[in-house]
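Student: I've got a sequence and a model open side by side, and I'd like to talk them through. Can you take my questions one by one?

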Amino acid sequence: QASPRYTFVVEETPYRRLCSTKNILTVNGQFPGPTLYARSGDTIIVDVYNKGNRNITIHWHGVKQLRNPWSDGPDYITQCPIQPGGSFTQTIMFSSEEGTLWWHAHSEWDRATVLGAIVIYPNRGATYPFPKPHAEFPIILGEWWKEDMGQLYKKTIQNGGEPNMSSAFLINGQPGDLYPCSKPDTFKLMVDYGKTYLLRLINSAVQEIMFFSIANHKVTVVGSDASYTKPFSSDYVTISPGQTIDLLFTADQSPNHYYIAAKAYVGGAGIVYDNTTTTAILQYNGNYTSTSIPSLPNLPSHNDTKASVHFTGSLRSLADQNHPVDVPRKITTPLFYTLSVNTLPCLNNSCAGPNGTRLSASVNNISFVDPSIDILQAYYYHVNGVFRTRFPNFPPLLFNFTAQDLPLYLQTPKQGTEVKILKYNATVEIVFQGTNLVAGDDHPMHLHGFSFYVVGWGLGNFDKDKDPLTYNLVDPPLLNTIAVPVNGWTTVRFKANNPGVWFMHCHLDRHMSWGMDVTFIVENGKGLGAQILPPPPGMPPC
Ligand code: C2O
Ligand code: CU
């Protein structure tokens, strides 16, 4: 049976939001882009044509792509970008993922407009581990800028520290009726009284973690990052950029219209952010006299770290017979990664960051620099001089990570294209430790090529004697993106059973672009089934 095949044409398309029109990059003219549908274990093919005016790549966020890093997508990590006029046929290989993922551009900040949902159904004959919903809808949270994304990227990267504030947040591409000129286009979700619905919530925002809520309706979380969770009920959801949350709700209130709303959660003090609220309408079908103005749901306040970690800390794997938990217990590769945003010294308008920037970001004081050709190609064909393999397992010095007055040399990261080599089948533990160098913030860390078990988290400095005793090895959630709380830590575990080159980075794009990135190379194992597949024809040239 042939694999389902999609065509993605990346092109400039005029879109009108907030009373003005601009050209944005879209796929097939759609914003948000087309939804991909698959069943667990499927392979699908996407022919990507770049008819836009700048380099682009496409990434299938959360799809593990076993042994197939070639189609993963991050530019200069697994491929050279597709140049204007070029094309690339990508093979998307699903394995155990089931639920909701998404795809997005993985070059500069073009994922603001180049993105869409991926819906992965259970295999034929299998069912959801929850009652079948009456209907299901993707709900994509996003951000809109009045500026051109290419220009905004250059400005922010080159000047560093420019505010990254968007002009609006979006629900399914629409700002909603609290913004000028947006009311008639506000996204509407039509429901029947008494029925239960599945929402596939995706946070595609470029720079912000979000709170989400539906007025008067509780939601039941049943999955995250294409892995089922123990159902739990909540008034609101915290969702990181990159993350997906599957949730059920029942239209059991008096027939009317209700607000659906989302706004930013910002962990650190002093961070400039978009403090507006995006809305959609939940509307019951039928004849009823509607009360005039719906009220907004109670969203936690923008800096409510407690509310944020309370939600994320409630996620548990389903951990039943059909969905067993396989968390590594014996760790062969313990890693301790500090996450920092750094202000760099400046002299005569030129600062020490990438391209003279003032701000940079780092992991273990290494600020990642893109190589000139992709790391996968350099690794596979043994091209010397593209990257080095000395990424440190621990920070240069153990210090009080959450203090604000650190010695200058700890505030100035080293720049380099350092990668971390992992042995095939290594059992890896990463303790992420947030630091507070410039302004602490939550860092939604995302790993390509794997899902990881989130076995523990806490506020303050990680205590290597006490904190591991609190680890959950019974039903930890299996995710691909986890927000490391501001001034806190998070521990994840995974088995390096997927040979290839896999990127890991903060999913706030400003931090990713400033260098809060680690590239892993997972070596081949013994036997063909433990080795990287050969490259497909037509890899784009640099
Ligand atoms: Cu959603 Cu590296 O990306
Ligand atoms: Cu970050």
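Student: Over residues 10-123, what are the percentages of helix and strand, and how many Å apart are the end C-alpha atoms?

Tutor: Keep in mind that this is a predicted model. An unreviewed UniProt entry annotates residues 10-123 as "domain: Plastocyanin-like", along with 136-287 and 395-525. Over residues 10-123 the chain is 0% helix and 46% strand, and its end C-alpha atoms are 31 Å apart.

Student: And how is the chain divided into domains, and how many Å apart are the C-alpha centres of domain 1 and domain 3?

Tutor: Domain 1 runs over 1-126, domain 2 over 128-315 and domain 3 over 333-530. For domain 1 and domain 3, the distance between C-alpha centres is 25 Å.

Student: How many residues does the contact take from each of those two, and which classes are on the side of domain 1?

Tutor: Domain 1 puts 15 residues into the contact and domain 3 puts in 18 residues. Sorted by class, the domain 1 side that touches domain 3 has three charged, four polar and eight nonpolar residues.

Student: Now the backbone. Which residues does a cis peptide bond join, and what is omega?

Tutor: Look in the loop between strand 2 (20-27) and strand 3 (36-39), where you'll find Pro32. The cis bond joins Phe31 and Pro32, with omega about -10 degrees.

Student: Tyr76 is a residue other than glycine, so to speak, with a positive phi; what is the value, and is Tyr76 buried or exposed?

Tutor: Tyr76 sits in the loop between strand 5 (58-61) and strand 6 (87-93). Its phi is near 65 degrees. Because 24 other C-beta atoms lie within 10 Å, Tyr76 is buried.

Student: Where is Asp225, and why does Asp225 count as it does, buried or exposed?

Tutor: Asp225 has a positive phi too, near 50 degrees. You'll find Asp225 in the loop between strand 14 (219-224) and strand 15 (227-234). There are 27 C-beta neighbours inside 10 Å, so Asp225 counts as buried.

Student: Which residues is Phe212 in contact with, leaving aside neighbours within four places in sequence?

Tutor: Phe212 is one of the core residues that touch the most other members. Setting those sequence neighbours aside, its contacts are Leu141, Leu201, Tyr236, Val237, Ile239 and Ala262.

Student: Which residues of helix 2 are buried, why do they line one face, and which strands do they pack against?

Tutor: In helix 2 (residues 305-312), the buried ones are Ser308, Val309, Phe311 and Thr312. Down the helix axis they fall within an arc of 160 degrees, so they line one face of helix 2. That buried set packs against strand 15, strand 16 (237-239), strand 18 and strand 31 (481-484).

Student: Val27 next. Is Val27 buried or exposed, and which residues does Val27 touch, not counting those up to four places away in sequence?

Tutor: Val27 belongs to strand 2, and Val27 is buried because 29 other C-beta atoms lie within 10 Å. Phe8 is 19 residues away in sequence, yet the C-alpha atoms of Phe8 and Val27 are 5.7 Å apart. With residues up to four places away left out, Val27 touches Phe8, Val9, Val10, Gly33, Pro34, Val114 and Gly116.

Student: How many Å separate the C-alpha atoms of Phe452 and Arg493?

Tutor: Phe452 lies in strand 29 (residues 452-459). Phe452 counts as buried, with 27 C-beta neighbours inside 10 Å. Beyond four places in sequence, Phe452 touches residues including Leu447, Leu479 and Arg493. Arg493 is 41 residues away along the chain, and the C-alpha separation is 5.5 Å.

Student: Last one: is Cys19 buried or exposed, and which residues does Cys19 touch, not counting those up to four places away in sequence?

Tutor: Cys19 is in the loop between strand 1 (5-17) and strand 2. Cys19 has 10 C-beta neighbours inside 10 Å, so Cys19 counts as exposed. Tyr179 is 160 residues away in sequence, with 9.5 Å between the C-alpha atoms of Cys19 and Tyr179. Not counting residues up to four places away, Cys19 touches Pro180 and Cys181.

Key
Residues numbered from 1 in each chain as written. Chains lettered and ligands numbered in written order. Predicted model: local features only at pLDDT ≥ 70, side-chain atom pairs only at ≥ 80, totals over all residues. UniProt positions renumbered as here; feature names shortened; annotations may be inferred. Helix = DSSP H or I, 4+ residues; strand = E, 2+ residues; numbered from the N terminus. Buried ≥ 20, exposed ≤ 12 C-beta atoms within 10 Å, placed from the backbone. Domains from an automatic or database assignment. Contact = placed C-beta atoms within 7 Å. Nonpolar A, V, L, I, M, F, W, Y, C, P; charged D, E, K, R; others polar. Core = buried A, V, L, I, M, F, W, Y, C linked by C-beta atoms within 7 Å. Arc of directions from axis to C-beta.
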